[in-house]
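Biologist: Could you put the model up so that we can go through how the two chains meet?
Modeller: Here it is.

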Amino acid sequence: MSRVLVIAEHAGDKLNAATAKCVKAATSLSGAEVVVAVFAAPGGTIAQQAAQLSGVARVLEVVNPVHQHALAATIAPQVAELAAGFTHVFGPSTTFGKDLMPRVAALLDAPQVSDVMSIESPTRFRRPIYAGNAITTVEIAADTRIVATIRIASFEAVAGGGDARVESASPGAALPTHTRFVGLAAAGGDRPDLQSATKVISGGRALASGEAFKLIYNLADKIGAAVGASRAAVDAGYVPSDMQVGQTGKIIAPELYVAIGISGAIQHLTGIKDARTIVAINKDAEAPIFEVADIGLVGDLFTIVPELEKLIDASRK
Amino acid sequence: MNNSSTRRILVAIKRVVDYNVRIRVKPDASGVMLDGVKLSINPFDAIAIEEALRIKERGGADEVVIATIGPADCQATLRNALAMGAQRALHVVADSPLEPLATARVLLKLTEREQPFLVILGKQAIDDDNNQTGQMLAALWNRPQATFASKIELTDTNAKVTREVDAGLETLDIDLPAVITTDLRLNEPRFVKLPEIMKAKTKPLTTIPLGEIGGAGTPRAKVTRTEPPPGRQRGIMVKDTSELFAELHKRGLV
């Protein structure tokens, strides 16, 4: 039988939604016992939040002031210790999990399967390579402990309402002091984070200036969307590079993606192809973006975007 | 050459299918077509080389050493890295690809041999997208890691590294020696000039058979199928903004 240890991700006061998706992935191993490990500073309720996730058998809570900030160097040796007796160790394929899990895998001398999209058996997984342009099936040798990161866009969150037992754990692993947290500058101000937003609106070179991006921001704020950009718009200096969507920028999977004045180079399409609905607005009817768009409109963005805003306003009156 | 007073950066690179190539899956699902496809330095690794060179040019290092693991013809990739400005290269000759943990074990051996104060790698290779090797090397080496770096400030004993994380930009202070993996925004790699390509031909390149390094271990993961992703259906075209709005509204998106 599979026994899965899921490493919780959280921001001090709130459990990250990625954890409920990792639990979902773990429960897709039939008959698996799913245990969530929480590394937290004193005084929080993360373990209690994890205990409510449906399908969780137990929560192991490791309380220590050093967990005020999640550091891979500190957490990894403790996870490696807690992993004794587990067949699988899962973490989310977020920057938290991507940073942590390979360090855990190396300490456990275990292979890691990154970005798991689906689980076919306790030893067989499907995962994307080449930025999602191919999907592989990976088989891990029998009797091997497996570390995996779970691609959160591929799994739904489990429901709440569970009531798992919370146990305190105190791994004895020596904690290194060679890595120190200095600070965190939050991205994007009030706008949603590009990587996790359910709606994203991106602008391309056709905006022709940084000022014109105001059109995109206004529309985005109207519908609560994050703002992205094509590589061409970034290279032209209209917006900073952390807004770049595509193979070499951010790979995203929102419910709604609106590409405005973006022609749709391969490297951009690679970054958006998991979006549920793609809308394209472009004056060139031959633009490749229309080949992947669910809804396409050929026309001048400088006319269409303000019109669309007005229609949205009118519908809310 | 590897006396301990030399302040050395080791940069590990991988040769991959060039990022401009639209890859195709073989019809029998046995892998990706690689015959005749343009191969280049993994883009994140080119950023790692550039950062190491900039550190050296600022006087923060004495030597930049490039390492790769791969078949005999990977030497051309190493020559490109030398043409960017690195001093010498190490080629661990392996005919079949290694799993990330095996790669990390080999890099650990090179690290013990070269005694760098810093190892820089790309955060991931754009072929397998594993994003594992740097972290695994840091764990095996029992040293700090700073992944997804977008800014690096060095002192003699420490590195202050800004990391691109989902929540924004996180800054860590880590003791050296350490492993740093690069993100896209760390720098823009330089273009190589022709005279540098000529000069690189005479730079030292050491070949080491994988068997001589040892420790790679036996493979435990096997790719049994490689398939194209499910395609997207071509959608509908609307004729004006009102129709666009109506369609979005109908689908509950605005």
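Biologist: How are helix 4 of chain A and helix 4 of chain B set relative to each other, parallel or oblique?
Modeller: Bearing in mind that this is a predicted model, the axes of helix 4 (residues 95–108) of chain A and helix 4 of chain B cross at roughly 45°, and the two helices are therefore oblique to each other.

Biologist: And within what distance do those axes come?
Modeller: The axes of helix 4 of chain A and helix 4 of chain B come within 8 Å.

Biologist: Is that crossing left-handed or right-handed?
Modeller: The crossing of helix 4 of chain A and helix 4 of chain B is right-handed.

Biologist: Which residues meet there?
Modeller: From helix 4 of chain A there are A:Asp99, A:Pro102, A:Arg103, A:Ala105, A:Ala106 and A:Leu107, and they meet B:Gln135, B:Met136, B:Ala138, B:Ala139 and B:Leu140 in helix 4 of chain B. Sorted by class, this contact has eight nonpolar, one polar and two charged residues.

Biologist: Zooming out, how many residues of each chain are in contact?
Modeller: On chain B there are 65 residues in contact with 68 residues of chain A. The elements of chain B that give two or more residues to its side of this contact include helix 3 (100–114), helix 4 (133–141), strand 8 (158–165), strand 9 (168–175) and helix 7 (241–250), and the largest share, eight residues, comes from strand 9 of chain B.

Biologist: What classes do the residues on that side of chain B divide into?
Modeller: The side of chain B that touches chain A divides into 32 nonpolar, 14 polar and 19 charged residues.

Biologist: Back to strand 9 of chain B: which strand of chain A is joined to it, and by how many bridges?
Modeller: Strand 11 (residues 179–186) of chain A is joined to strand 9 of chain B by seven bridges, and the two run antiparallel. Within this pairing, A:Leu184 has B:Glu170 as its bridge partner in strand 9 of chain B.

Biologist: New topic, the open sheet: what is the order of its four strands?
Modeller: The order is 6(A)-7(A)-8(A)-12(B), with antiparallel pairing. Its edge strands are strand 6 (118–121) of chain A and strand 12 of chain B, each of which pairs on one side only, while the twist averages 30° from one strand to the next.

Biologist: How many bridges join strand 6 of chain A to strand 7 of chain A?
Modeller: Three bridges join strand 6 of chain A to strand 7 (residues 124–129) of chain A, the two running antiparallel, and A:Ile119 has A:Phe125 in strand 7 of chain A as its bridge partner.

Note on methods:
Residues are numbered from 1 along each chain as its sequence is written. Chains are lettered from A and ligands numbered from 1 in the order in which they are written. This is a predicted model: local features need pLDDT of at least 70, side-chain atom pairs count only at pLDDT 80 or more; totals for chains, interfaces and linings use all residues. Two residues are in contact if their C-beta atoms, placed from the backbone, lie within 7 Å. Ala, Val, Leu, Ile, Met, Phe, Trp, Tyr, Cys and Pro count as nonpolar, Asp, Glu, Lys and Arg as charged, and the others, Gly among them, as polar. Two strands pair if DSSP finds at least two bridges between them. Axes are lines fitted to C-alpha atoms, for helices over the stretch in contact, and angles run from 0 to 180 degrees between N-to-C directions. Angles under 35 degrees count as roughly parallel, over 145 as roughly antiparallel, 65 to 115 as roughly perpendicular and the rest as oblique. A crossing is left-handed if the near helix is turned anticlockwise from the far one by less than a right angle, and right-handed if clockwise.
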